[in-house]
Amino acid sequence: MSINRRQFLRRAGMVTALGLGGSFVITGLRGKKVEAASSAAEYETSKDALVAKHWAMVVDMSKFKTEEDFKRVIESCVSIHNIPDFGNLKDEVKWIWHDDYEHTFSGGENEYLTEEFKKLPFAVICNHCEHPPCVKACPTGATFKREDGIVAMDFHRCIGCRFCMGACPFGARSFNYRDPKQFIKKIDPDYPTRTPGVVEKCIFCVERLADGKMPACVEASNGGLIFGDLDDPNSEVRKLISTKFTIRRKVELGTQPSVYYLVGGADHA
Amino acid sequence: MLEKALTGGKKYWAWIFFLLTVIAVGLVAYFKQFNYGLGLTGMSRDVSWGLYIAQFTFLVGVAASAVMLVTPYYLHDFKKFGKMVILGEFLAISAVIMCILFIFVDVGQPMRILNVLLYPQLHSVMFYDMCVLVGYLVINFVVGWTTLGSERKGTPPPKWIRFLILLSIPWAFSIHTVTAFLYAGLPGREFWATAIMAARFLASAFAAGPSLLILLVMIVRKVSKFDADPPGVGAIQSLVKIIRYAMIANVFFYICEVFTAFYSSVPGEMAPFKYAFVGLDGHASLVPFMWTATILAFIGIALLVLPTRKNKVLLPIALLSVFFANWIDKGVVLIIAGFVPNSFGRVTEYFPTGNEISIVVGVYAIGMLILTILYKVAISVRVEKDL
């Protein structure tokens with residue numbers, strides 16, 4: 001039996017297509033198995049895990065007076081999350097930092113604001129919005145909103161398209177423009193380091209909440225950062241927000257930030 | 001039919017090897033970026049998209065513009081475009097491939113890019129953009145290749161192809177609309193969050209794309225025996241009318257944006273325009289670009305409105321003006337100024353690096369190589385038949 005060139009090409013093409021399809025089925029199945037295993041592990045949270053319906057944070061401005069107050073808080077985050085320090089603004093990766101009133105609340109410029117207020121540094125982190133534009137933008141689900149309101153990141157699924165960085169109106173996201181490993185002061189083996197080319201941001205310490213611990217910055221803040229369940233009427237955050245005057249960044253955009261700034265001073269706890 | 005791209009004169013092969021060299025330089029630059037990360041580009045935490053995404057945005061327009069030939073020719077039986085339409089379809093193919101490559105070189109983890117298919121997110125505009133772009137590529141390839149194939153055999157094209165051709169018309173509009181939605185749906189980016197973004201995108205596309213096509217027709221005329229607009233047909237002048245109105249609409253839309261920003265005087269709306277036209281907080285890197293684009297836009301319109309549009313020397317100048325005005329507007333300024341000022345009201349500037357520019361040029365060279373091969377096939381088929 002002889003076949004001509006056209007027939008040969010057609011048959012070769014069919015075999016190739018079958019081969020590719022077959023391998024897809026196999027990897028597809030294998031993928032399913034792995035997924036099932038990992039999701040089972042995910043639901044085995046420890047009994048001491050801290051849980052909530054809507055995690056939220058109140059920043060008590062009266063507790064942030066000096067550079068030292070910020071340094072302590074930022075350092076607590078940097079050391080456990082393997083956040084690199086590149087020493088330049090272009091490649092910068094940051095989860096929590098501070099900025100002045102006018103820039104944090106851009107649009108809130110007021111020439112006659114008291115000098116003290118003008119210089120007041122505001123702690124800035126991801127707002128864990130109720131309607132996060134970054135989650136909507138993400139084409140792979142690498143950034144997602146959990147049941148408890150936390151906007152988390154899967155560093156291993158992220159393709160690094162940076163659509164989320166364009167979508168975030170708060171500038172909360174950083175991209176690994178280069179390999180961060182040699183720029184981490186001391187690697188903490190309990191938390192993953194990142195590969196180049198993925199986006200990262202504050203995740204409200206989901207890994208610590210799972211172990212029953214408060215977020216690192218909250219612990220280090222000496223009461224400056226109050227963290228709790230906004231849906232619980234008896235929680236400290238809820239009481240503060242419903243009794244004192246608090247502000248949030250860019251509320252007009254409707255993303256509903258979960259980080260509240262208590263500016264009038266408070267006598268809580 | 002592809003074998004026709006394997007025969008050619010000295011000049012043809014010199015051009016091919018020139019493109020291959022440029023591609024090789026781009027590839028080396030890409031491998032450097034692949035190893036080091038996107039830190040090799042000028043992009044930063046504040047300006048997180050740069051030239052790559054800007055070229056992608058611009059080229060989606062070039063791809064969509066094929067519809068300006070397909071609609072008159074196939075839907076309204078406008079015979080003048082008969083010889084040109086295949087060149088438009090093939091230009092669309094090479095433009096879409098460049099779009100996909102520009103996305104590819106822009107992502108931080110290219111090996112994971114198929115996660116977009118593995119975990120499709122129906123709420124992400126990027127998912128839809130990928131679907132429409134790939135769809136458009138397939139449609140244009142099947143339509144172009146099939147119609148050219150039947151032409152070679154001297155038979156009428158198969159009936160089913162008409163369905164695909166008609167489908168390609170709304171599809172072309174969709175690729176640029178969805179691309180505009182990538183930007184227009186983002187809260188807090190005032191420069192992009194405008195309802196007429198998609199309309200602006202289409203208007204600028206229908207000006208820049210056909211301008212490029214006419215310039216290509218002129219080049220093809222010079223380097224081969226094929227004339228897509230033989231004397232007496234007037235296809236080019238018909239297309240010039242389309243370009244003229246599209247460009248006027250584009251400039252009109254832009255003026256609408258400027259009016260809204262400045263008459264309302266909302267600071268956030270004005271800031272990016274100020275940055276582009278006069279500079280902001282002492283940063284003015286885009287100013288020379290924006291004014292060049294503005295001047296080119298008006299020169300282009302004037303030359304295309306006046307009888308100068310029939311002048312052999314002035315027509316190419318007008319088309320180049322329109323093309324580069326749109327390229328600067330969309331392929332440089334739109335994306336960068338969208339990130340200025342940043343979320344904190346501060347200005348961070350972006351300057352592309354040499355490595356980044358090498359990659360951009362390399363991708364354009366790949367596009368030109370694909371275009372050259374496709375045009376070579378189309379022209380060979382046509383010339384063969386005419387002889």
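In chain A, strand β1 (residues 55-60) and β8(A) run antiparallel and are joined by 5 bridges. The model described here is a predicted one. Along this pair of strands, A:Val59 stands opposite A:Leu225 of β8(A), and A:Ala56 stands opposite A:Gly228 of β8(A). The two strands belong to an open sheet of 4 strands in chain A, in which the order is β8-β1-β10-β9 and the pairing is mixed. The edges of this sheet are formed by β8 (225-229) and β9 (246-247) of chain A, each of which has a single partner strand, so that one side of each is left without a neighbour in the sheet. Helix α9 (residues 236-243) of chain A lies across β1, β8, β9 and β10 (259-262) of that chain, and runs at about 105° to β8(A).

Turning to chain B, the secondary structure comprises 13 helices and 0 strands, and the pattern read along the sequence is accordingly α-α-α-α-α-α-α-α-α-α-α-α-α. The radius of gyration of chain B is 21 Å, which agrees with the value near 21 Å that a compact globule of 387 residues would have. Taken along the principal axes, the box filled by the C-alpha atoms of chain B is roughly 65 × 50 × 40 Å. Of the 387 residues in chain B, 47% are buried, and among contacts in this chain between residues at least 6 apart in sequence, 79% join residues that are at least 24 apart.

The largest nonpolar core contains 186 residues, of which B:Ala63, B:Leu87, B:Val96, B:Cys99 and B:Ile336 touch the most other members. Helix α4 (residues 85-106) of chain B supplies the largest share of this core, namely 16 residues. When residues up to four places away in sequence are not counted, B:Ala63 touches B:Ala92, B:Ala95, B:Val96, B:Cys99, B:Tyr136 and B:Ile175.

Helix α3 of chain B, which spans residues 67-75 and includes B:Tyr74, has as its buried residues B:Val67, B:Met68, B:Leu69, B:Val70 and B:Tyr73. These buried residues of α3(B) pack against α2 (51-64), α4, α7 (160-184), α8 (197-223) and α9 (235-264) of chain B. The C-alpha atom of B:Tyr74 is separated by 9.8 Å from that of B:Ile169, although the two residues are 95 residues apart along the chain. Just after α3(B), B:Asp77 takes a positive phi of about 55°.

The contact between the two chains takes 41 residues from chain A and 31 residues from chain B. On the side of chain B that touches chain A, the elements giving two or more residues are α5 (115-118) and α6 (125-153) of chain B. By class, this side of chain B has 15 polar, 12 nonpolar and 4 charged residues.

Definitions and conventions:
Residues are numbered from 1 along each chain as its sequence is written. Chains are lettered from A and ligands numbered from 1 in the order in which they are written. This is a predicted model: local features need pLDDT of at least 70, side-chain atom pairs count only at pLDDT 80 or more; totals for chains, interfaces and linings use all residues. Two residues are in contact if their C-beta atoms, placed from the backbone, lie within 7 Å. Ala, Val, Leu, Ile, Met, Phe, Trp, Tyr, Cys and Pro count as nonpolar, Asp, Glu, Lys and Arg as charged, and the others, Gly among them, as polar. A nonpolar core is a set of buried Ala, Val, Leu, Ile, Met, Phe, Trp, Tyr and Cys residues joined through C-beta atoms within 7 Å. A residue is buried if 20 or more other C-beta atoms lie within 10 Å of its own, exposed if 12 or fewer, and partly exposed in between; C-beta atoms are placed from the backbone. Two strands pair if DSSP finds at least two bridges between them. Axes are lines fitted to C-alpha atoms, for helices over the stretch in contact, and angles run from 0 to 180 degrees between N-to-C directions. The radius of gyration is taken over C-alpha atoms; the globule rule is 2.2 Å times the number of residues to the power 0.38.
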